[in-house]
Structures are given as C-alpha cells and as structure tokens.
Amino acid sequence: MATTANPTTDLFSRLSFRRAVSPSPLRLPSLPTPSPRVSVAIVALHKRNPKRLKYDTQRQFTRGDGGMLRVQVEPSGEDFWKLDPVVDLINSGAVGVIPTDTVYSIVCDLSNNDSIERLRRIKGIVNSKPLSILCRSLRDIDTYTTGFPLGTNQGQANIFHAVKRILPGPYTFILPATKELPKQCIKHGSSTRYAKRRQVGVRMPDDPICQAILQNLEEPLICTSVKYLAEDEWILDPVTIADIYEPLGLDFIVDGGARIADPSTVVDMTGSYPTIIRQGKGAKLDWMVTGTDQEAQSTYSRKAA
C-alpha cells in the first residue's frame, strides 16, 4: 500500500540547514496540523550524536544557500540552547568564531586536519605559526601536553596547584606537546616538515558561552584570535568580524557582544621559570617572572609552592 507523503515533512526537507535551526522571516503557508513525527525530525536535525559524527566518513561541513550562520547569545546564559547547531557544525568540520573571556577566536575541531588547514587559509596564517587549544578541563591539558610541574621534595615549585587556582582564566600557557597533538597544530614551512620542538599554547577561558560550547564537544578546539587582515589589531565587534571574514569562507559566528581589547596573558612554561612573554588580561602572579625580573627568578620556587 503506497504511503502518502506528509506535506509538512516535504516542506521542511526543502529548507536549508540554517533556515531549519535559525530564526527566519519566512512564513510558511497554512498546512494541516503537523503530527508528532515532524517535531521529532526537526530536533534530530541539530541533536545528532557527536560520537557518530566523529567517525562519520563525510565530516566536511558544506555551506548552504543561506550563507554564514549567525547566532546571537546572551552572556547571562539564558538562551544557550541556541548553541546546539553551532556544536553540530563544529563536529561536522565547520570553521567559525566564538567569544572567549578575552577576545574573539576563530575555532575548529582539533582532530579535523582539513578544518585546521582551512582555518589557516581564512585567517591568513603562515604554516610556521603555531595554533593554540581551547581546553574543556585540566584533563585535556594533560592529554595534549606534558602538563604542569608537580614539584619535588627538593624545593621545586608545585606549579600544578598554583595553576589550578587561576583556571579557568585569561591565561595562555605554553607547554611541551605530546604525541596526541595533531601535527597540523605545529606545522612548519610549506612542505611536510614539522617543528622539532613540539610546543603548544593551552587555554581554559572563563567565559560562559565558550564553556557551554566546549562542554558539549568530544574534543578541545583549535583556536587563533581574530584580527584585522592587514593590521595586528584585534577585532572586538562581532558584526565587523562577520563582514570581514564571511567572504573568506567563515561558516558561523557566535555573537556574545563586543569585547575589550585585552588579550590573554601568555606564560612560557618550557624554560626554567614560568615566564610572561605577553602581559594581557591575566595578572602577573608572584610565581611568574618576566624576562628582566632576575630577582623574582631566584625566589620563584618558594613563591609558587
């Protein structure tokens, strides 16, 4: 016996992904009262299991007719349900922009090599420039780096406990990377050569929107801050970001409001002392030193304990 097609289901199947998950001025014609099957199909559209997507052979995101997806979210967290399609797109290989506790960042899935290469092209990053990781927890940091020093009974500082007090927070820590880190994150040159010194910057932003996205992903995100193409200056307005980067192939942007031009404080943990190489929003703590802070270096092990 032939099955009669549901007109509501047929209509939704013709809509693009973004029209299905984003508010749209489109008014649908009067249709018969939809059956429960219709609403279930719509929810499934942006509630796909990330584990299935992780092993899907077709992971590359395809831009629809609607162009770049724009999602405006309240910083208070009242409407974080709007982030569901963003998580879905990231898992599918999309490259987009999200807010952090400092400036906006261009992000993509850490395990998707094609997405990482496309992120570099969109941002205009040369292959010699390393990328950072937005981590969900300290466990992610331990997975992709050798971690923070735990200290010894011989007076070496326990940096791990000191770091736990300030994360999540506006800091980027440079640490030695493990083999779990994809080589594309530290690619060097235009050939297949990679940097011999495997190091990576790790972040745990203290931002509700960023955390809501990270906690719904299977893996951390690769990230780089959003700047003007011809200037070494951060773009703080999400509307301006969309105008500049959408023509370059950006897939989505999460609008969490304007930011302040205050980047993260970068601390190099690969030397003898935790050394600040860029002072930003994160305060200099007594167990951190600067390049000219020789006196502080002599007392660093005692201060960080």
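Asp140 is buried, at a relative accessible area of 4%; buried here stands for under 20% relative accessible area, exposed for over 50%, and partly exposed for what lies in between, with a 1.4 Å probe and protein chains only. The model is predicted: local features need pLDDT of at least 70, side-chain atom pairs count only at pLDDT 80 or more, and totals for chains, interfaces and linings use all residues. Residues are numbered from 1 along each chain as its sequence is written, and side-chain values use heavy atoms, with hydrogens and water left out.

The side chain of Asp140 meets that of Arg136 in a salt bridge, at 2.8 Å from N to O. The term requires a side-chain nitrogen of Lys or Arg within 4 Å of a carboxyl oxygen of Asp or Glu. Arg136 is partly exposed, with 22% relative accessibility. The structure holds 7 salt bridges. Another one of them joins Lys227 to Asp232, with the closest N and O atoms 2.4 Å apart. Here Lys227 counts as buried at 17% relative accessibility, whereas Asp232 is exposed, with a relative accessible area of 66%.

A further salt bridge links the side chains of Glu246 and Arg70, at 3.0 Å from N to O. Glu246 lies in the loop between α10 (238–245) and β8 and Arg70 lies in strand β1, so this pair ties together parts that are 176 residues apart in sequence. Helices (H or I, at least four residues) and strands (E, at least two) are DSSP runs, numbered from the N terminus. Both residues of the pair are partly exposed: Glu246 has a relative accessible area of 22%, and Arg70 has one of 45%.

The strands form the next topic. An open sheet of 10 strands has mixed pairing and the order β1-β8-β2-β3-β7-β4-β6-β5-β9-β10. Its edge strands, β1 and β10 (275–278), each pair on one side only. Two strands count as paired if DSSP finds at least two bridges between them. Strands of a sheet pair through backbone hydrogen bonds, either parallel or antiparallel. On average, neighbouring strands of this sheet are turned by 30° against each other, direction ignored. Angles are taken between axes, which are lines fitted to C-alpha atoms, for helices over the stretch in contact; they run from 0 to 180 degrees between N-to-C directions.

Strand β8 (residues 252–255) is covered on both faces: Phe252 and Val254 are buried on one side, and Ile253 and Asp255 on the other. With strand β1 (residues 69–72), β8 pairs in the parallel sense over 4 bridges, and Val254 in β8 is the bridge partner of Val71. Strand β2 (residues 96–98) also runs parallel to β8, joined to that strand by 2 bridges. Within β8, Ile253 stands opposite Val97, and Phe252 stands opposite Gly96.

Helix α5 (residues 84–91) packs on the sheet and touches β1, β3, β7 and β8, its direction making about 145° with that of β8. Contact is defined by heavy atoms within 4.5 Å. Helix α10 lies across β1, β2, β3 and β8, and runs at about 170° to β8.

In helix α6 (residues 113–123), the buried residues include Ser115, Ile116, Arg118, Leu119, Arg120, Ile122 and Lys123. Their cover includes β3 (105–109), β7 (221–225) and α10. At the start of α6, a side-chain oxygen of Asn112 comes to within 3.3 Å of the backbone nitrogen of Asp114. Just after α6, Gly124 takes a positive phi of about 75°.

The cysteines remain. The structure holds 0 disulfides, a disulfide being a pair of cysteine sulfur atoms within 2.5 Å. For Cys135, the closest cysteine sulfur is that of Cys223, and the distance of 8.8 Å is too far for a bond. Cys223 is in no disulfide either, since the nearest cysteine sulfur, in Cys210, is 8.2 Å away. Cys135 counts as buried at 1% relative accessibility, and Cys223 is buried with a relative accessible area of 6%.

Notes:
Polar contact = N/O pair within 3.5 Å; in protein donor to acceptor, adjacent residues only side chain to side chain.
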